[in-house]
Amino acid sequence: MAESGQGAATALAKDERVKEISGLRKALIRPELGAIVGTIAVFVFFVAFAGDSGMFNAQGVLNWSIVSAQFMIIAVGACMLMIAGEFDLSVGSMIGFAGMSIAIISVTLQWPVWIAILLTLALCVAIGALNGFIVVRTGLPSFIVTLAFLFILRGFTIFFPQLIERQTIIGGIDDAAEGDWLAPVFGGKIGGWIFDWLAEMEMIAVFERGTREGEPIVNGIPMLIVWALVLVAVAHVVLTRTQFGNWVFASGGDAQAARYVGVPVNRVKILMFMFTAFCAFVFATCQVMEFGSAGADRGLLKEFEAIIAVVIGGALLTGGYGSVIGAALGALIFGVVQQGLFFAGVESSLFRVFLGVILLFAVILNTYIRRIITGER
Amino acid sequence: MSGFDHDPIVEMKDIAKHFGPVIALNGVSFDVRPGECHCLLGDNGAGKSTFIKTMSGVHKPTRGEILFEGCQMNFDSPRDAMEAGIATVYQDLAMIPLMSVTRNFWMGREPVRKIGPMKFMDFAKANQTTMDEMRKMGINLRSPDQAVGTLSGGERQTVAIARAVYFGAKVLILDEPTSALGVRQTANVLATIDKVRKTGIGIVFITHNVRHALAVGDRFTVLNRGKTLGTAQRGQITPEELQDMMAGGQEMVALEGSLGGTV
Ligand SMILES: Nc1ncnc2c1ncn2[C@@H]1O[C@H](COP(=O)(O)OP(=O)(O)O)[C@@H](O)[C@H]1O
Ligand SMILES: [Mg+2]
C-alpha cells in the first residue's frame, strides 16, 4: 500500500520530459491545414498567372464555382463515409445510373419528372443501404463490395438504354421537365435579382447584342452551388456538433471500442453509405437537368476524384479523422485548378498529373499530422 | 476490509465457455463485493479476459449462471451490463487515440441538447465534467480537446476509469491495466484503484503480476488453464504461493530455484 500512496503524491507532478506543445503548432494540427494552405496557394498562383484571362470576372468565377460545387457534392458524402471508416467506389457508376434512371422513367416511360426524381432517389439510397448492409454483415472491406457495385451499376447503366432505346444517351429530359415543380430544385437558378442589380450598378458585364441584350451575363446562382453549400454546412455541423457526429468519428476510429460503449456502429456505417449514395443522386440530377440528357458514361472516375478531395482535406484513409470543410476546400482546389489550367491555356491532361502529385503530398502530410496527434513514431 | 459485511454485487457460478473445440473456461466461480478489490490472476492464455467478457456481456457463457445483486442476469450485450452498472476497461483499452479526451469520455453517452430533430452535443458541459473528473483522479489535462493519443498509457487508463466511475459503475472491471506501464505509471494506476475502491465500488483487477495484485488486492483468485485454483484473502497467502498457483505449481518452483528466486 505504501507504493500506491507514494504514487498518488507524484501523480500531480508534471513530467518534465514531455515538451510543451506550442500554441502555433497546436493550431496547425488540424485536418484542414493542408487544404487551407493549398487553397491560398492555388488562388495566388492563378491570380498571378491567369488573372487577366477572365478567370476572375463574373462568368469566370461562375465557371470554376460550378465545377468546384460538383466536386464538393460528392466529396461531402465520401468524407463522412471515410471518417466512418469506409469507402464507396461505386459513386461514379451511381451517378451514371441515377441519371439514366431519371431519363428512362421520364422520357421513355413518359412519367412526370418529379416522379422520376423521387423514384431514382429511393433507388439510389436503397442501393447505398445495400452496399452498407453487405459491408457490415460480411465484414468484407468496403473496397471490394463497392468495387462490385462499380461494375454492376455501370453495366446496367449501359445495358438498359441500349435495350430500350438502342443508344447509350437519352435526351429530351429538358422538354419533359418543362413546368415540373421538382426539376428546378436541381436545375434552376436563384438570386437573379442580385445579378440584375449588379448589372445595373455596372459591376458585372451584360450581353452587348442578341436576344438577351442588356441582361447580365450571369443571371443567377445555379441550384448545384446551393446544394453544395447546404450539404457542406449541414454535414459539417452534424459531424462536429452532434451526438451522431461523435458516433461517426468513433465508428471509424475504432469500431470495436465504439461497440463496447454502445455506439450503434452498423447503423452509423449503413447511414453513411446511404448518404454517399444520396450525394451521388444530387450530383446526377443536377447534371441531367443542366444537360437535358443522360449518358451511360457519366460520372466516370468520380469516386476517385471525391476520395482525392477528401484526402487533400485532411481525412485519414484509415478512418476516424477528417473534416468536411477540408474536403470542401479540396474540391475547391480541384475546380479552380481544372478550370484555371483551361484559362491559362495549359493542356488539360496535365490536370491529371496535378491530381496525382497533390494526392501524394496530401497523404504524406496527413501521415505526419497523424503521428503528431497520436504520439506514434 | 469493508466489503466483507456486504453481499456480492456480482456472483458468477461455475462458468464455462467454449469457442468451438477450444475450452477457454471450465467451471469458474467468482464474486465481487462493494468496496473490495478482487484480483483475478493467471498466466497468459489462462482465460482471464474471456472470463470477464462473460461478466460484461460480450460473451454468453456456455454453462453456469450470473447473479447480479442476487438476481439471475442474462446480459445480451455490453450495453446491458453497462446499464446495470458493470463497467469494463478492456485490455485493448477501448479508447480511440485520434479522438479528444472529451469525445472519448462521453462516447456512447453524449450529453445532448435537442433542437428540433437534431441532438447537439453539449460541449460546455462535456468539457467541464471531463476536466473535473480527471482532476479528481489526479490528472490535470492540458485541454479537453487533447487527443487521447497524446496521453501516456497510465493517463489513458485513468480516463477509462474516471469515465466508468462518473457513469455510476457498481462494479469496475480492469483487464491488465498495468501490464504495459512503467513503474511510476503503474503506481499511479494502483493509487487510482485504491481511490475508487474507497468510494464503495467493487473492483475486479486482472493482472499476471503478483506484486501489483498484492499492492491493492483484498482477495485473490487464480485462474489456470480455464479453471480456478481457489480464492484466498489478503494476509492468508504469500507472494510465493500466489506465483506458484499461477504457474500451476511444480515447474515454477524448479525454475525459480535455478534463477535464484528472482522471478
Ligand atoms: N473469440 C475467441 N475465439 C476462440 N478462442 C478464443 C477466443 N477468445 C479467447 N480464446 C482462447 O481462449 C483462451 C483464453 O484466452 P484469454 O481469455 O484471452 O486469456 P488471458 O486473458 O488470460 O490471457 C486462449 O487459449 C484463447 O486462444
Ligand atoms: Mg487477457
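How far is an oxygen atom of ligand 1 from a polar backbone atom of B:Gly47? In this predicted model, the separation is 3.0 Å.

| Residue | Part of the residue | Distance to an oxygen atom of ligand 1 |
|---|---|---|
| B:Gly47 | polar backbone atom | 3.0 Å |
| B:Lys48 | polar backbone atom | 2.8 Å |
| B:Thr50 | N or O atom in the side chain | 2.5 Å |

On its own, ligand 1 has 560 Å² of accessible area, and the protein covers 59% of that.

**Around ligand 1**

Let's look at the residues that surround the ligand. The run from B:Asp43 through B:Asn44, B:Gly45, B:Ala46, B:Gly47, B:Lys48 and B:Ser49 to B:Thr50 belongs to this group, and B:Phe19 and B:Ala24 are also part of it. Sorted by class, this shell holds five polar, three nonpolar and two charged residues. Which helix gives the most to the shell? It is helix H1 of chain B, spanning residues 48–55, with three residues.

**Where chain B meets chain A**

Now to the contact between the two chains. Chain B brings 41 residues to this contact, and chain A brings 39. Together the chains bury about 3,400 Å², with 60% of that area on carbon and sulfur atoms. Of the area that chain B buries against chain A, 18% is supplied by B:Leu98, B:Arg103 and B:Arg142, more than any other three residues give.

What about polar pairing across the contact? There are zero salt bridges between chain B and chain A, while eight residue pairs are in polar contact, both residues being at pLDDT 80 or more.

Several elements of chain B each supply at least two residues of the side that touches chain A: helix H2 (78–84), strand S8 (118–121), helix H5 (153–166), helix H6 (183–197) and helix H7 (210–216). The largest share of that side comes from H6(B), with seven residues. By class, the side of chain B that touches chain A divides into 22 nonpolar, 13 charged and six polar residues.

Methods
Residues are numbered from 1 along each chain as its sequence is written. Chains are lettered from A and ligands numbered from 1 in the order in which they are written. This is a predicted model: local features need pLDDT of at least 70, side-chain atom pairs count only at pLDDT 80 or more; totals for chains, interfaces and linings use all residues. Side-chain values use heavy atoms; hydrogens and water are left out. A residue is near a molecule or strand if one of its heavy atoms lies within 4 Å of it. A polar contact is a pair of N or O atoms within 3.5 Å; within protein, one must be able to donate a hydrogen and the other to accept it, and residues adjacent in sequence count only if both atoms are side-chain atoms. Accessible areas come from the Shrake-Rupley method with a 1.4 Å probe; for residues, only the protein chains shown count as cover. Helices (H or I, at least four residues) and strands (E, at least two) are DSSP runs, numbered from the N terminus. Ala, Val, Leu, Ile, Met, Phe, Trp, Tyr, Cys and Pro count as nonpolar, Asp, Glu, Lys and Arg as charged, and the others, Gly among them, as polar. Contact means heavy atoms within 4.5 Å. Buried area is the accessible area (1.4 Å probe) that two parts lose on being put together, summed over both. A salt bridge is a side-chain nitrogen of Lys or Arg within 4 Å of a carboxyl oxygen of Asp or Glu.
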